Amino acid sequence: MLSFSELNDKVLIIGAGMVGLSIANQLVDRKISSNIVLIEKEDLLGLHSSGRNSGVLHAGIYYKPGSLKAKVCISGAKRLKKWIVQRGLPISNCGKLIVPQKKS
Ligand SMILES: Cc1cc2nc3c(=O)[nH]c(=O)nc-3n(C[C@H](O)[C@H](O)[C@H](O)COP(=O)(O)OP(=O)(O)OC[C@H]3O[C@@H](n4cnc5c(N)ncnc54)[C@H](O)[C@@H]3O)c2cc1C
């Protein structure tokens, strides 16, 4: 696998869903590359999962505590919430109540 310096800042991203767009955004924000080509097979962005999801910022509670998935989920949710607030976009801080149906 090539490092970013070996790529001479040129990056090709295939798929303009949440993941492809977030990677492009981070590459520009972190000044890793501004020479990005984003290829999307549809005429518009986010027509698949990214444009149809429920919009929940998951808290990471379903992942094993301390696991990489849990850590990334928790920090990602915090960063995304901050990003939303900074841009004055709407967000509902409704929380979530989980009721166990049986004793574990
Ligand atoms: C019903 C539903 C509800 C969900 N609810 C939530 C939620 O509440 N919270 C949450 O965090 N997650 C939720 N998810 C999951 C979340 O939406 C996905 O994990 C996320 O959108 C995946 O993003 P992605 O960019 O990987 O994929 P996608 O959004 O599918 O983007 C992939 C893109 O690649 C393009 N593409 C594919 N093949 C090619 C090709 N060969 N050439 C060019 N372009 C190509 C597609 O057209 C598409 O635009 C939900 C998912 C679903 C289906």
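Biologist: Why is K96 called exposed?

Modeller: In this predicted model, K96 has 8 C-beta neighbours inside 10 Å. A residue is exposed if 12 or fewer other C-beta atoms lie within that distance, so K96 counts as exposed.

Biologist: Where is K96 found?

Modeller: K96 is in the segment after α3 (68–86). K96 and S54 are 42 residues apart in sequence, and their C-alpha atoms are 14 Å apart in space.

Biologist: What makes V19 buried or exposed?

Modeller: V19 has 12 other C-beta atoms within 10 Å. The class of exposed residues takes counts of 12 or fewer, so V19 is exposed. The residue sits in helix α1. V19 and G46 are 27 residues apart along the chain, with 10.0 Å between their C-alpha atoms.

Biologist: How do you know the span that is expected of α1?

Modeller: The expected span is 1.5 Å times one less than the number of residues. α1 has 12 residues, and 16 Å is expected. From its first C-alpha to its last, α1 reaches 16 Å, close to that expected value.

Biologist: How does the reach of α3 stand against its expected span?

Modeller: α3 has 19 residues and reaches 27 Å from its first C-alpha to its last, close to the 27 Å expected.

Biologist: What makes α3 "hardly covered"?

Modeller: The count of buried residues among the 19 residues of α3 is zero. To be buried, a residue needs 20 or more other C-beta atoms within 10 Å of its own. In the protein, buried residues make up 1% of the 104 residues.

Biologist: What makes K31 buried or exposed?

Modeller: K31 has 8 other C-beta atoms within 10 Å. Exposed means 12 or fewer, so K31 is exposed. The place of K31 is in the loop between α1 and β2 (35–39).

Biologist: How do the helices and strands follow one another along the sequence?

Modeller: The protein has three helices and two strands. Read along the sequence, they give the pattern β-α-β-α-α.

Biologist: How does the radius of gyration of the protein stand against that of a compact globule?

Modeller: A compact globule of 104 residues would have a radius near 13 Å, but the protein has 17 Å. Along the principal axes, the C-alpha atoms fill a box of roughly 55 × 30 × 30 Å.

Biologist: Into which domains is the protein divided?

Modeller: The protein is divided into domain 1 (1–53) and domain 2 (55–89). Taken over C-alpha atoms, the centres of domain 1 and domain 2 are 20 Å apart.

Biologist: How many residues surround the ligand, and which are the closest?

Modeller: 21 residues surround the ligand, and the closest are G15, G17, S50, N53 and V56. The elements that give two or more residues to this shell are α1 (18–29) and α2 (49–52). Domain 1 and domain 2 each give at least three residues to the shell.

Biologist: What makes up the shell around the ligand by class?

Modeller: The shell has seven nonpolar, 10 polar and four charged residues. Gly is counted as polar.

Conventions: Residues are numbered from 1 along each chain as its sequence is written. This is a predicted model: local features need pLDDT of at least 70, side-chain atom pairs count only at pLDDT 80 or more; totals for chains, interfaces and linings use all residues. A residue is near a molecule or strand if its C-beta atom, placed from the backbone, lies within 6 Å of it. Helices (H or I, at least four residues) and strands (E, at least two) are DSSP runs, numbered from the N terminus. Domain bounds come from an automatic or database domain assignment. The radius of gyration is taken over C-alpha atoms; the globule rule is 2.2 Å times the number of residues to the power 0.38.
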